[in-house]
Amino acid sequence: MTTTVPTEAAVRQSSPGTASGPRRRPGRIRRIGLPYLLLLPALLLELLVHLVPMVIGMVMSFKELTQFYIRDWTTAPWNGLDNYSVSVDFDAQVGAALLHSFLVTVAFTLLSVALCWLIGTAAAIFMQDTFRGRGLLRALFLVPYALPVYTAVITWVFMFQHDNGLVNHVLHDQLGLTDKPSFWLIGDNSFIALLTVSVWKGWPFAFLIVMAGLQNIPKELYEAASLDGAGLWQQIRRITLPSLRPVNQVLVLVLFLWTFNDFNTPYVLFGKTAPEAADLISVHIYQASFVTWNFGTGSAMSVLLLLFLLVVTGVYLVITSRGRRTADV
């Protein structure tokens, strides 16, 4: 009696679980395509909410779109690059005003981002120690970030009132730091008022992100540094800040973009016409579009702002990625 040993090829052909490529490909396609199918509704909404208006705004920037063509903006005549040339002509009134607004926005953004990061990081490091009432204090720190923007800013509007505001009551009536009650919502003090509200509203976000990043730092590093005689500042400098570098890179970029594009805070704080010292570029573009009814010039300013932010973001990502690769080496 003779027995035949099946060959490997015969076993492979007869085994149902080892089917060749064409039979397994539909299942792989389904598994690969499912994530994209689930992302499709969000992508369509993103297209409708952001990309389509952005494209329409770019088209409007090449048109002579004024109040006479609001009924049907597509009938407005083409203006070529005239809207852009008017916006960047810094010797003329429109360009000079845009340049001043841009410089104010840059100064405001740098100060706001720096203060938000500094206060948020200091608070997050302080909250790492265990003490009674830490949970309640964490919740209180997040209140400014959790409040709706309009509710928070309107509260500050009442606090900055000249005659009966809380700020003047504390600084002038109780502490005597000023000779007379100050005007916070007009004049040069408007920049300080805007910066105060922005930092008060933005630092809890930095606190939340940095506090989450601190959870990933092993406590053994601090214990070893303490045994080696390192003080608090040396531990922060040598352990905390280097470990938080990836978190801070993303945090600073997000804060910069949010602050530079902030429209709600100055609009609620000052109204449609912001003081010259607090004329942020977002409100300036709004005035150029909806106050003077020159939507073509306002759209050109918006496109220039978009290009500036894209360039800054690209340069920032290149610099931070190089620094990260250098640190890894």
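## Close-up views of a predicted helical model

**View A. Val149, Ala152, Val153 and Trp156 of helix H7 meet Thr196, Val197, Trp200 and Lys201 of helix H9.** Contact is taken as heavy atoms within 4.5 Å. Helices (H or I, at least four residues) and strands (E, at least two) are DSSP runs, and their numbering starts at the N terminus. Residue numbers start from 1 along each chain as its sequence is written, and side-chain values use heavy atoms, with hydrogens and water left out. The H7 and H9 axes come within 11 Å of one another and cross at roughly 140°. That angle makes H7 oblique to H9. Angles under 35 degrees count as roughly parallel, over 145 as roughly antiparallel, 65 to 115 as roughly perpendicular, and the rest as oblique. Each axis is a line fitted to C-alpha atoms, for helices over the stretch in contact, and angles run from 0 to 180 degrees between N-to-C directions. The H7 and H9 crossing is right-handed, a label given when the near helix is turned clockwise from the far one by less than a right angle, with anticlockwise giving left-handed.

**View B. The whole chain, for orientation.** The chain has 15 helices and zero strands. Of its 329 residues, 33% are buried; buried stands for under 20% relative accessible area, exposed for over 50%, and partly exposed for values in between (1.4 Å probe, protein chains only). The chain's accessible surface is about 21000 Å², and carbon and sulfur atoms account for 66% of that surface. Areas follow the Shrake-Rupley method with a 1.4 Å probe, and for residues only the protein chains shown count as cover. Taking contacts between residues at least 6 apart in sequence, 65% link residues at least 24 apart.

**View C. The largest nonpolar core has 42 residues.** Phe160, Leu194, Phe207, Leu255, Leu269 and Phe270 have the most contacts inside this core. Two or more residues come from each of H4 (93-126), H7 (149-159), H9 (189-214), H12 (245-260) and H13 (264-270). H9 supplies the largest share, 13 residues. A nonpolar core is here a set of buried Ala, Val, Leu, Ile, Met, Phe, Trp, Tyr and Cys residues joined through side-chain atoms within 4.5 Å. Setting aside neighbours within four places in sequence, Leu255 is in contact with Val113, Cys116, Gly202, Phe205 and Ala206. A second, separate core of nine residues includes Phe256, Ile281, Ile285 and Leu305.

**View D. Phe191 in H9 and His100 in H4.** Phe191 is buried, at 18% relative accessible area. Beyond neighbours within four places in sequence, Phe191 contacts Val104, Ala107, Phe108, Leu111, Ala277 and Ala278. From Phe191 to Asp279 the C-alpha to C-alpha distance is 8.6 Å, across 88 residues in sequence. His100 is partly exposed, with 29% relative accessible area. The C-alpha atoms of His100 and Ala277 are 9.2 Å apart, and these residues are separated by 177 positions in sequence.

**View E. Gln235 and Leu241 in helix H11.** H11 covers residues 232-243. Gln235 counts as buried, with a relative accessibility of 13%. Residues up to four places away in sequence aside, Gln235 touches Tyr222, Ala225, Ser226, Ala230 and Thr240. Leu241 is partly exposed, its relative accessible area being 29%. With the sequence neighbours up to four places away again left out, Leu241 touches Trp117 and Ile236. Between Leu241 and Thr121, 120 residues apart along the chain, the C-alpha atoms are separated by 9.5 Å.

**View F. Two loop residues, Thr75 and Trp293.** Thr75 sits in the loop joining H2 (21-60) and H3 (82-87). The relative accessible area of Thr75 is 48%, which places this residue in the partly exposed class. Thr75 and Leu65, ten residues apart in sequence, are 8.9 Å apart from C-alpha to C-alpha. Trp293 belongs to the loop between H14 (281-291) and H15 (295-328). Its phi is near 60°, a positive value in a residue other than glycine. Trp293 is partly exposed, with 41% relative accessible area.

Notes
This is a predicted model: local features need pLDDT of at least 70, side-chain atom pairs count only at pLDDT 80 or more; totals for chains, interfaces and linings use all residues.
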